[in-house]
Amino acid sequence: MKLNKIKFNKLMCLVITTSIIGTSILTLGFNAEAADPVTSTISTGTTTGTNLPTLKYSSTGQYVYLLQSYFNIIKVCNPQLPSTFSQLEVDGVFGAKTLNNVKVYQEYKNLTVDGVVGQQTWNALHKDIGY
């Protein structure tokens, strides 16, 4: 099993890629060996903190899968998060539990709490993940 180190606010969290983010990286077509996987090419273009799609309740697909994976990494690596921030099933469906995590995360990061994952939320996630 391949292990990758993910930087989280100056802490190094050892994460088992295949159990937490491996599938989403493969789904999005990231080069897992790239120095900066967030800027790696995807089949539909490139992704950075400034051009990811806006996600909201009932959104589906690969970017929801990525969002859920990010939240699971943050949950593992950041014990200071409120207890209402939960581990998610990574299924690519922006449902009630994902919505809850978005709102809890936005409040925790002093962002506008609207339950919508726009550029401010993506940028905060990328900063916390270490990208």
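Tutor: Helices (H or I, at least four residues) and strands (E, at least two) are DSSP runs here, numbered from the N terminus. This is a predicted model: local features need pLDDT of at least 70, side-chain atom pairs count only at pLDDT 80 or more, and totals for chains, interfaces and linings use all residues. Residues are numbered from 1 along each chain as its sequence is written, and side-chain values use heavy atoms, leaving out hydrogens and water.

Student: What follows H5?

Tutor: Gly130, with a positive phi near 100 degrees.

Student: And which residues of H5 are buried?

Tutor: H5 covers residues 119–129, and its buried ones are Thr121, Trp122, Ala124, Leu125, His126, Asp128 and Ile129. Buried means under 20% relative accessible area (1.4 Å probe, protein chains only).

Student: At what angle do the axes of H3 and H5 cross?

Tutor: Roughly 45 degrees, and the axes come within 10 Å. Axes are lines fitted to C-alpha atoms over the stretch in contact, with angles from 0 to 180 degrees between N-to-C directions.

Student: Which residues in H3 meet H5?

Tutor: Tyr63, Leu66, Leu67, Tyr70, Phe71, Ile73 and Ile74. Their partners in H5 are Trp122, Leu125, His126, Asp128 and Ile129. Contact means heavy atoms within 4.5 Å.

Student: New topic. How many residues has the largest nonpolar core?

Tutor: 24, and those with the most contacts inside it are Leu55, Leu67, Phe71, Trp122 and Leu125. Such a core is a set of buried Ala, Val, Leu, Ile, Met, Phe, Trp, Tyr and Cys residues joined through side-chain atoms within 4.5 Å.

Student: Where does the largest share of this core come from?

Tutor: H3, with 9 residues.

Notes. Buried < 20%, exposed > 50% of the residue type's maximum accessible area, 1.4 Å probe, protein only.
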